[in-house]
Amino acid sequence: MKVLVIGGGGREHAIAATLARSPRITKLYVAPGNGGISGVAECVPIKATDIAEMVRFVQAEGIDFVMVAPDDPLALGMVDALTAASVPTFGPTQAAAILESSKAFSKGLMEQYNIPTARYRVFDGNVEAAVAYIREQGAPIVVKCDGLALGKGVVVAQTIAEAEAAVRAMMEEGRFGQSGAKVVIEECMTGPEVTVLAFTDGKTIATMPAAQDHKRVFDNDEGPNTGGMGAFCPSPKYTPELAEICMETIFRPTIAAMAKEGRPFKGVIYFGLMLTPNGPKVIEYNARFGDPETQPILALLKTDLLDIFEAVVEERLAEQEIRWSADAACCVVLASGGYPGTYETGKIISGLDQVPADVTVYHAGTKLEDGAYFTAGGRVLGVTAKAPTLDEAIARAYAGVTPIQFEGMQYRTDIGRR
C-alpha cells in the first residue's frame, strides 16, 4: 500500500516511524514532513492545510490510505475532501473536529449531556462583560480562546489582573487572531492532570495507555504554557478503577453525544482530564493524537498501526485486537531558546549520532541541509525511550539528551518526576 501522513512535527515523526514498521506499506509519504522524517518516509512539500493540492497529489500518486494528524487540516475539512475523492482517510470530519476547534461547542456539549467538566461562561466580542464576570468570580480562573491556538490559547490566571490581561490580549489585541475573538472563562479545577487518547470508530472506544504531559516551559511547572515540553506513560495516577469511571461518565457519553448531534467521531480522540477531589472531569478535548504524548505512547504499541487505522475507517474496531507493551516510556522535548515566545531558528544541531541505540529522537522542528540538521521551530526534538519501569525510561531519555547540542537549547529536567 501507498500511505500518506499529513503533518510535519514530532507527533508525525512518531506516527510515520511506527507505520514504517508495517510490512503492508510499500511506500510512505509525509506532507510536508521535516528533516528527521525524511529518514523514514518521503517528504512532500505540500502545506498540511492545502486541501486542493493534497487531493491532487493523492490522486496523481494513487495513494491508498491517508492519515491526517494535525488540528488545522482536520478543522478545515481535509478528511471530508479526501473521502469525497474516494480515498480512505483516518481522522474526524470537519463536523466532528469542532470538538477541538471550538471550546464553546465542546463545553456546551458537555453541559447538555452531563459530562463532568468545569463551570464556565462564553463571551463573544464583549470584553467588558468578560472582565465583569472575572471580577465577580475571583481568581484563580481560567481563560481560553474558543478556537485553535497551537496549545497556547489557555491562561490559568492566578490573579484577577492576569485574567483581565489575558481576555484583552485575546479579544482586543487579537493575539490569536479569530481564535480569540470568542473566549471561554471557567473555574480553575485542582488535581493531577492525565491525558487519555483513544481510537474510536464512532461506536467502539479503544483507549491507549494514559499519559501525563508537562505544559509549562520551565521546571516545577513554572513559566508560560507551551505545546508540551515532555510526557510519559503510563500514568501511575490512572488506576483501573479510575479508567472504569472515565469510560462510563466521560468516554462513552462523549462518543454517544457526538453521534446524537449528527457529528459521529471517527479517529483519535484526546481526553484531557483533571482528577479532582470530586472525581475525573474534562479539561479539554482534542480531535487527534497529542504532541508530545504520541511519542511515548506509540513506543509501547505492539500492533500494526495501519491495521488499527483501517479498522477505525471501516468501523470494525470492535474486531481489531490492540496489544501494548507493559513497559513505561518517556519523551523529553528540546526547544529553541525563547520558546514559547520569540525564538531564532537555523541553529546547527550536533550530537545526534552519539545518542544511545536504545533511545529514539523524533524531529519536531528541524530541516536537513547538506547532510546536517538545523533548528526550524520552537519545539525541535523529542528524545524518547522506553524501559521496564518509569524511572528507567526517564533515565534513558535523559541519557539520550546529554550528547545533543544546539545554540539556545532549553529543556525541562523534571519530566516524569513531579
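Analyst: Let us begin with burial: a residue is called buried under 20% relative accessible area, exposed over 50% and partly exposed in between, with a 1.4 Å probe and protein chains only. By that criterion E186 is buried, and K144 is buried as well. This is a predicted model, in which local features need pLDDT of at least 70 and side-chain atom pairs count only at pLDDT 80 or more, while totals for chains, interfaces and linings use all residues. Residues are numbered from 1 along each chain as its sequence is written, and side-chain values use heavy atoms, with hydrogens and water left out.

User: What links the side chains of E186 and K144?

Analyst: The general idea is that side chains of opposite charge can pair when their charged atoms come close. The term salt bridge is used here for a side-chain nitrogen of Lys or Arg within 4 Å of a carboxyl oxygen of Asp or Glu. E186 and K144 meet in such a salt bridge, at 3.0 Å from N to O. The pair links distant parts of the chain, with E186 in strand β9 and K144 in strand β7, 42 residues apart; strands (E, at least two residues) and helices (H or I, at least four) are DSSP runs, numbered from the N terminus.

User: How many salt bridges does the structure hold, and is K347, which takes part in one with E407, buried or exposed?

Analyst: The structure holds 27 salt bridges. In the one between K347 and E407, the closest N and O atoms are 3.4 Å apart, and the pair links distant parts of the chain, since K347 is in the loop between β18 (328-335) and β19 (359-363) and E407 in the segment after α12 (390-401), 60 residues apart. K347 counts as buried because its relative accessibility is 16%, whereas E407, with a relative accessible area of 56%, is exposed.

Another salt bridge joins the side chains of R396 and D358, at 3.6 Å from N to O. R396 lies in helix α12 and D358 in the loop between β18 and β19, so this pair ties together parts that are 38 residues apart in sequence. R396 is partly exposed, with a relative accessible area of 30%, and D358 counts as partly exposed at 42%. Salt bridges that share partners also join R24, D307 and E310 into one network.

User: How should I read the packing of two helices, and at what angle do α5 and α6 cross?

Analyst: Axes are lines fitted to C-alpha atoms, for helices over the stretch in contact, and angles run from 0 to 180 degrees between N-to-C directions. Angles under 35 degrees count as roughly parallel, over 145 as roughly antiparallel, 65 to 115 as roughly perpendicular and the rest as oblique. The axes of α5 (residues 94-101) and α6 (residues 103-112) come within 6 Å and cross at roughly 95°, so the two helices are roughly perpendicular to each other. Contact, meaning heavy atoms within 4.5 Å, is made by I98, L99, E100 and S101 of α5 and by K103, F105, S106 and L109 of α6.

User: Which parts of the structure do the buried residues of α6 pack against?

Analyst: α6 is mostly covered, with 7 of its 10 residues buried, namely K103, A104, F105, S106, K107, L109 and M110. Those buried residues pack against α5, β6 (120-124), β7 (141-145), β9 (182-187), α9 (240-260) and β17 (279-286). Just after α6, N114 takes a positive phi of about 55°.

User: Where does α11 stand in comparison, and which residues of α1 meet it?

Analyst: In helix α11 (residues 305-313), 7 of the 9 residues are buried, so the helix is largely enclosed by the rest of the structure. The axes of α1 (residues 10-19) and α11 come within 8 Å and cross at roughly 105°, which makes α1 roughly perpendicular to α11. I15, T18 and L19 in α1 meet L305, L306 and F309 in α11. Just after α11, E315 takes a positive phi of about 55°.
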